[in-house]
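Try each task before you read its solution.

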Amino acid sequence: YLQTAWRQDLLKALDVVQPDGPSFRVTNHNHVAWQNWEFDVGFNYREGLVLHNLQFNGRSVVKRLSLVEMAVPYADPNPPFTRKCAFDVGDYGLGFCANSLELGCD
């Protein structure tokens, strides 16, 4: 389906406000703790965001997680499309497509 007209029901503004501060903690520049979850945040030029040592209530859930490891095969059974994936971002480097965040903006 390709949209042929602009939506009439435009979305209302979304304002994220945390007057009491965030509900997560960041220590050692990359370790995040939030609602019984803990993980280390990494980033590289090929995959972009990578989560390491993901734990819930102190129990290991995932050692390493990134979008490049999520595969959604195309529907075309003809070569070379059978081996290509929609999320195969390792081919061109998702990290190269990322922008730096700015405090107070992102």
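The exercises below go from the sheet to its hairpins and then to single residues.

This is a predicted model, in which local features need pLDDT of at least 70, side-chain atom pairs count only at pLDDT 80 or more, and totals for chains, interfaces and linings use all residues. Residues are numbered from 1 along each chain as its sequence is written, and side-chain values use heavy atoms, with hydrogens and water left out.

**Exercise 1. Find the order of the strands in the sheet and the strands that stand at its edges.**

Start with the terms: strands are DSSP runs (E, at least two residues) numbered from the N terminus, and two of them pair if DSSP finds at least two bridges between them. Next, trace the open sheet: its 5 strands have the order 1-2-3-4-5, with antiparallel pairing. Then look at the edges: strand 1 (25-27) and strand 5 (59-66) each have a single partner strand, so one side of each is left without a neighbour in the sheet. Finally, the twist averages 20° from one strand to the next, with axes as lines fitted to C-alpha atoms and angles running from 0 to 180 degrees between N-to-C directions.

**Exercise 2. Follow strand 2 to its partners, strand 1 and strand 3.**

Begin with strand 1, which is joined to strand 2 (residues 31-34) by 3 bridges.

Now turn to strand 3, which pairs with strand 2 in the antiparallel sense over 4 bridges. Here Ala33 stands opposite Glu38. This hairpin has 2 residues between its strands, and Gln35 in the turn has a positive phi of about 45°.

**Exercise 3. How many bridges join strand 3 to strand 4?**

Take strand 3 (residues 37-44) and strand 4 (residues 48-56): 7 bridges join them, and they run antiparallel. As an example, pick Asn44, whose bridge partner in strand 4 is Gly48.

**Exercise 4. Is Ser66 buried or exposed, and which residues does Ser66 touch?**

First recall the cut-offs: buried means under 20% relative accessible area, exposed over 50%, and partly exposed in between (1.4 Å probe, protein chains only). Ser66, in strand 5, has a relative accessible area of 8%, so Ser66 is buried. Last, not counting residues up to four places away in sequence, Ser66 touches Glu47, Leu49 and Val50, where contact means heavy atoms within 4.5 Å.
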